[in-house]
Amino acid sequence: MASLSALVDLSWLMALLQEKPKFHQSCPCQPSTTQQSFFCKDCMLGFLFCESCKNYSLDHRDHQVLQVFKFVYQRLGIRVSVIQDLFYLSDIEYDNIENYGWIVYIDRKIQEKQHGSSGSSNSSKSGYKGRKECEVCECELQSSTSKYCSIECKVEKQTNSIITSYDE
Ligand SMILES: [Zn+2]
Ligand SMILES: [Zn+2]
Ligand SMILES: [Zn+2]
């Protein structure tokens, strides 16, 4: 059942998704230096922490801050242990990454082909038995029990269904 509170719960995740470009930025002081990316759930803001200049422009000491990691294909991820109490992760695929542990991706994989809304036309071409695709972006999933490749896809699906149910 969709409810307004469900939409409110998603608001910080939508902010997280909007802040994605920030996590790919470099500190102006020295782009090669060690940096860490964070998202503050209270401020709904992404920010970087740079080891060199200690650039910590905003004070989030008493806030709920999540660390964001960058992985292959420039994908962004958050540790499952950190986000699992904040967002219902069911149906999203996890990935076990060396030195990080279980990760859930924030954003979907960037695919070579254009993924529009009319993906069903070529599904027979690429699909073989047992292939499991993300319900939103149609990228291939590793796990047959998952429905979404990322938080982005699950949030998109949920917001669409909530908005649709309010239109009725
Ligand atoms: Zn810096
Ligand atoms: Zn904050
Ligand atoms: Zn997806």
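Author: Helices and strands are here DSSP runs, H or I of at least four residues for helices and E of at least two for strands, numbered from the N terminus. On that basis the protein chain reads α-α-β-β-β-β-α-β-β-α-β-β-α along its sequence, with 5 helices and 8 strands in total. The model is a predicted one, in which local features need pLDDT of at least 70 and side-chain atom pairs count only at pLDDT 80 or more, whereas totals for chains, interfaces and linings use all residues. Residues are numbered from 1 along each chain as its sequence is written, while chains are lettered from A and ligands numbered from 1 in the order in which they are written.

The sheet comes first. Two strands are said to pair if DSSP finds at least two bridges between them. By this criterion 6 strands form an open, antiparallel sheet in the order 2-1-3-4-6-5. Strand 2 (45-50) and strand 5 stand at its edges with a single partner strand each, so one side of each has no neighbour in the sheet. From one strand to the next the twist averages 40°, the axes being lines fitted to C-alpha atoms (for helices over the stretch in contact) and the angles running from 0 to 180 degrees between N-to-C directions.

Two of the pairings can be followed in detail. Strand 1 and strand 3 are joined in the antiparallel sense over 4 bridges, and S37 has V68 of strand 3 as its bridge partner. Strand 5 and strand 6 are likewise antiparallel, over 4 bridges, with I97 bridged to G101 of strand 6. These two strands form a hairpin with 3 residues between them, and N99 in the turn has a positive phi of about 75°.

A residue is buried if 20 or more other C-beta atoms lie within 10 Å of its own, exposed if 12 or fewer, and partly exposed in between, with C-beta atoms placed from the backbone. Of the 168 residues of the protein chain, 20% count as buried. A nonpolar core is a set of buried Ala, Val, Leu, Ile, Met, Phe, Trp, Tyr and Cys residues joined through C-beta atoms within 7 Å. The largest one has 24 residues, and V68, I78, V104, Y105, I106, Y148 and I151 have the most contacts inside it. Helix 1 (4-18), strand 1 (35-40), strand 4 (76-79), strand 6 (101-105) and helix 5 (151-167) each give two or more residues to this core.

Two residues are in contact if their C-beta atoms, placed from the backbone, lie within 7 Å. Neighbours within four places in sequence aside, V104 touches G77, I78, V80, I83, L89, I92, Y94 and I151 in this sense. Among contacts in the protein chain between residues at least 6 apart in sequence, 51% join residues at least 24 apart.

The loops complete the account. D91 lies between helix 3 (80-83) and strand 5 (94-97), and has a positive phi of about 75° although it is not a glycine. D91 is partly exposed because 14 other C-beta atoms lie within 10 Å. T145, in the loop between strand 8 (140-141) and helix 5, is 54 residues from D91 in sequence but 7.0 Å away in space, C-alpha to C-alpha. T145 counts as exposed because it has 9 C-beta neighbours inside 10 Å. Y73, in the loop between strand 3 (65-70) and strand 4, is another non-glycine residue with a positive phi, here about 60°. Y73 is exposed, since 11 other C-beta atoms lie within 10 Å.
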